[in-house]
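Take a look at the fold below. We will go through it helix pair by helix pair, then turn to single residues.

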Amino acid sequence: MTCGSTEDKLQQLQTELDGLKRSGVFTKERVQSISKRPKPKGKGRRGGKENALLPVAADAAAMSLGAERRMETRLKKLEDMIREPRSAINLESLLDSLNALVLDLDYPALRKNKNIETFLNRYEKVITQTRDLQMKSEDFDRVKVIGRGAFGEVQLVRHKASQKVYAMKLLSKFEMIKRSDSAFFWEERDIMAFANSPWVVQLCCAFQDEHFLYMVMEYMPGGDLVNLTSTYDVPEKWAKFYTAEVVMALEAIHSMGFIHRDVKPDNMLLDRLGHLKLADFGTCMKMDTTGMVHCDTAVGTPDYISPEVLKSQGGDGYYGRECDWWSVGVFIFEMLVGDTPFYADSLVGTYSKIMDHKNSLNFPDDVEISKDAKNIICAFLTDREVRLGRNGVDEIMRHPFFKNDQWTFDTIRDTVAPVVPELSSDIDTSNFDEIEDDKGDVETFPTPKAFVGNQLPFVGFTYFKEDQLLNASNNISVAHDNSKGEVAVTSRLDKIAKELEEEPEESGVHSEAAGERESSAAAQEPGEQPQRNESEADRKRCLENEVNGLRDHLDDMKRRNQNSHISNEKNIHLQKQLDEANTLLRAESEAAARLRKTQADSSKQLQQLEANVRELQDKSCMLERSKLSLEKECISLQAALETERREHCQGSETISDLMARISCLEEEAREEQQGDRSDLQAEGAAAGAGAGGGLS
């Protein structure tokens with residue numbers, strides 16, 4: 001090794017060392033510890049330098065390897081964050097961010113900014129391409145609207161690629177921004193996406209466009225419990241079953257750290273087997289570490305809302321999961337009685353009864369309710385400090401109301417439900433009310449003059465459960481490939497059969513040629529003729545056996561093909577019969593559905609008429625009481641009038657007497673005045689006479 005090459009190597013190592021220092025791999029202490037190492041003594045100047053370079057090179061290599069490993073770890077963590085569905089920076093969130101920025105910036109007033117215009121020119125086209133590649137509403141065929149709420153509607157849809165049926169919920173971004181205090185769409189998405197519970201409606205995917213959020217959920221063809229209770233008279237045995245499933249569903253929500261706050265029959269859906277799942281988590285709120293929530297808005301449905309939630313309106317509401325158990329008590333009462341316990345003609349009346357629940361909770365005498373049912377209802381509809389469930393769901397499960405010999409809380413999901421829906425197809429909606437299409441215009445955000453960020457609150461909402469929508473489409477493609485394979489196998493079999501038919505002829509030709517060759521050879525070599533004839537005979541017998549075997553095999557294949565053809569004809573005939581039976585069944589199911597609907601409508605009309613009759617009876621009673629009161633008042637007024645008349649007559653007589661007395665007195669006064677005048681005149685005359693006598 002020359003001196004120049006050693007110097008070059010030293011310079012190279014120094015450069016690498018400086019690079020590692022800049023990257024942070026070498027700290028100051030590390031460099032000092034390396035520089036303080038004793039240098040090995042070598043023989044000669046060059047040998048010493050080379051030996052001194054060896055530890056530095058080893059340390060540099062080790063540290064370079066450590067830096068690579070740390071870089072790999074960092075990249076792995078970053079990759080995990082991007083892949084994790086719950087991460088705030090997963091792939092869908094990053095795409096949502098760019099999409100939201102492009103939508104919020106793409107306005108004429110904002111494009112005047114040079115930086116914004118540059119950004120849009122760079123990303124606008126690629127974001128448009130990304131939107132076309134992502135899930136969108138055009139990937140689904142709308143079948144029917146099956147629900148409508150304050151923020152949007154729920155549609156029954158069919159995925160075009162997989163042909164699967166789903167319920168798709170549309171939420172208006174404009175409405176949610178306008179009423180942000182009551183829009184809990186994030187909680188609803190997270191619960192359905194990550195619950196992984198048989199008691200919660202599952203979210204298959206979530207996506208968005210400029211105007212709406214879309215949540216594609218599993219379809220629950222059994223409808224809600226409102227429809228069931230309006231169609232059937234629910235016995236206590238059924239109420240016990242559905243209450244137990246509601247308890248299990250709420251426990252699944254509570255275990256995720258959420259409070260539902262709007263438990264009611266409308267949000268309890270039935271699957272195709274009649275089992276219950278909880279839905280509509282738009283009012284859910286995340287509990288803090290103490291299991292409580294702070295809220296200053298009364299959220300929920302008036303008839304089912306608890307006193308503590310009601311008191312939170314306009315104040316500092318602070319309550320826990322026990323508010324959901326109050327709603328369960330209302331639900332049990334409604335199933336057994338047919339009406340909610342605190343119903344009133346006005347909202348104020350209902351709230352007043354809820355706040356005075358100790359005095360307003362009454363059981364009707366004309367409905368038979370067991371002692372255990374009354375006990376659990378009263379245990380739910382009480383103050384939150386002593387309410388059933390405050391110490392956990394186990395004390396609810398231990399209540400004697402749930403005792404039975406058919407199921408337990410662990411096996412109830414595998415038990416046959418009281419009512420199993422009769423469905424004619426995968427898009428049967430007979431258990432849902434008819435809802436008219438909303439033909440109103442969709443409200444949109446106004447055109448801004450400055451950056452507003454209307455799309456930013458929805459960044460990260462997009463969600464896709466892997467293989468959820470693609471399984472069926474993959475199955476279709478696999479079936480298609482299998483059919484192709486069957487066609488190929490069939491053609492191959494035909495080809496083999498044709499070869500087998502040609503095989504005997506070729507074998508005969510070959511046998512004749514072989515015989516001619518053997519004859520000519522026998523003429524040339526007479527000594528070997530018997531041996532060759534024997535060998536030829538054996539070979540001929542083998543060929544004949546082979547040909548016969550091939551013929552048998554061919555005949556067997558033909559018979560199989562013929563049997564298969566007959567089976568196919570039978571299958572086609574059976575399929576036709578099955579289709580006819582399905583058509584008849586569908587017609588009967590539709591007729592039964594119409595009858596059930598007619599019966600339900602009649603029941604509703606009857607209930608309405610009964611309610612009207614009760615209302616008229618109440619009004620009649622009130623009018624009767626008013627009539628009696630008015631009659632009593634009339635009698636008292638008549639008595640008072642007679643008294644007044646008597647007093648008036650007495651007063652008139654008194655006045656007449658007084659007038660007569662006044663007249664007499666006036667007459668007497670006049671007479672007295674006249675007498676006085678006469679006396680005065682006499683006295684004056686006397687006085688005048690006396691004066692005249694004195695003068696004389």
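In which hand does α10 pass α12, right or left? The crossing is right-handed. This is a predicted model, and the geometry here is computed from it. Helix α10 spans residues 236–255 and helix α12 spans residues 322–337. Their axes lie 10 Å apart, and the packing angle is about 165°. An angle over 145 degrees counts as roughly antiparallel, so α10 is roughly antiparallel to α12.

Now look at the side chains in this pair. From α10 come Glu 236, Ala 239, Tyr 242, Thr 243, Val 246, Val 247, Leu 250 and His 254. They meet Asp 324, Trp 325, Val 328, Phe 331, Ile 332, Met 335 and Leu 336 of α12. Sorted by class, the contact between α10 and α12 holds 11 nonpolar, two polar and two charged residues.

A second pair is formed by helix α4 (residues 91–105) and helix α6 (residues 114–133). Here the axes come within 9 Å and cross at roughly 125°. That angle is why α4 and α6 count as oblique to each other. The hand of the α4 and α6 crossing is left. On the α4 side, the contact uses Leu 95, Leu 98, Asn 99, Leu 101, Val 102, Leu 103 and Leu 105. On the α6 side it uses Ile 116, Phe 119, Leu 120, Tyr 123, Glu 124, Ile 127, Thr 130 and Arg 131. The contact of α4 with α6 has 11 nonpolar, two polar and two charged residues.

Next comes helix α8, residues 185–194. How many of its 10 residues are buried? Eight are, and the helix is mostly covered. The buried set includes Phe 185, Ile 191, Met 192, Ala 193 and Phe 194. Glu 187, Glu 188 and Arg 189 are also among the buried residues of α8. Just after the helix, Asn 196 adopts a positive phi of about 50°.

Now the strands. Strand β2 covers residues 152–159 and contains Gln 155. Is Gln 155 buried or exposed? Its relative accessible area is 7%. The cut-off for buried is under 20%, so Gln 155 is buried. Its side chain makes a polar contact with the side chain of Glu 153, at 2.8 Å. Beyond four places in sequence, Gln 155 touches Arg 142, Lys 144, Val 145 and Ile 146, as well as Tyr 166, Ala 167, Met 168 and Leu 170.

Tyr 214 sits in strand β5, residues 212–218. It counts as buried because its relative accessibility is 5%. The Tyr 214 side chain makes a polar contact with the side chain of Asp 209, at 2.6 Å. Setting aside residues up to four places away, Tyr 214 touches Met 168 and Leu 170, among others. Its contacts also include Ser 137, Lys 169, Cys 205, Ala 206, Phe 207 and Gln 208. One further partner is Phe 461. Tyr 214 and Phe 461 are 247 residues apart in sequence, yet their C-alpha atoms are 9.4 Å apart in space.

Step back to the whole chain. The protein has 18 helices and 12 strands. Of its 696 residues, 34% are buried. Among contacts with a separation of 6 or more, 68% link residues 24 or more positions apart.

Note on methods:
Residues numbered from 1 in each chain as written. Predicted model: local features only at pLDDT ≥ 70, side-chain atom pairs only at ≥ 80, totals over all residues. Heavy atoms only, no water. Axes fitted to C-alpha atoms, helices over the stretch in contact; angles between N-to-C directions. Helix = DSSP H or I, 4+ residues; strand = E, 2+ residues; numbered from the N terminus. Parallel < 35°, antiparallel > 145°, perpendicular 65-115°, else oblique. Left-handed = near helix turned anticlockwise from the far one by under 90°. Contact = heavy atoms within 4.5 Å. Nonpolar A, V, L, I, M, F, W, Y, C, P; charged D, E, K, R; others polar. Buried < 20%, exposed > 50% of the residue type's maximum accessible area, 1.4 Å probe, protein only. Polar contact = N/O pair within 3.5 Å; in protein donor to acceptor, adjacent residues only side chain to side chain.
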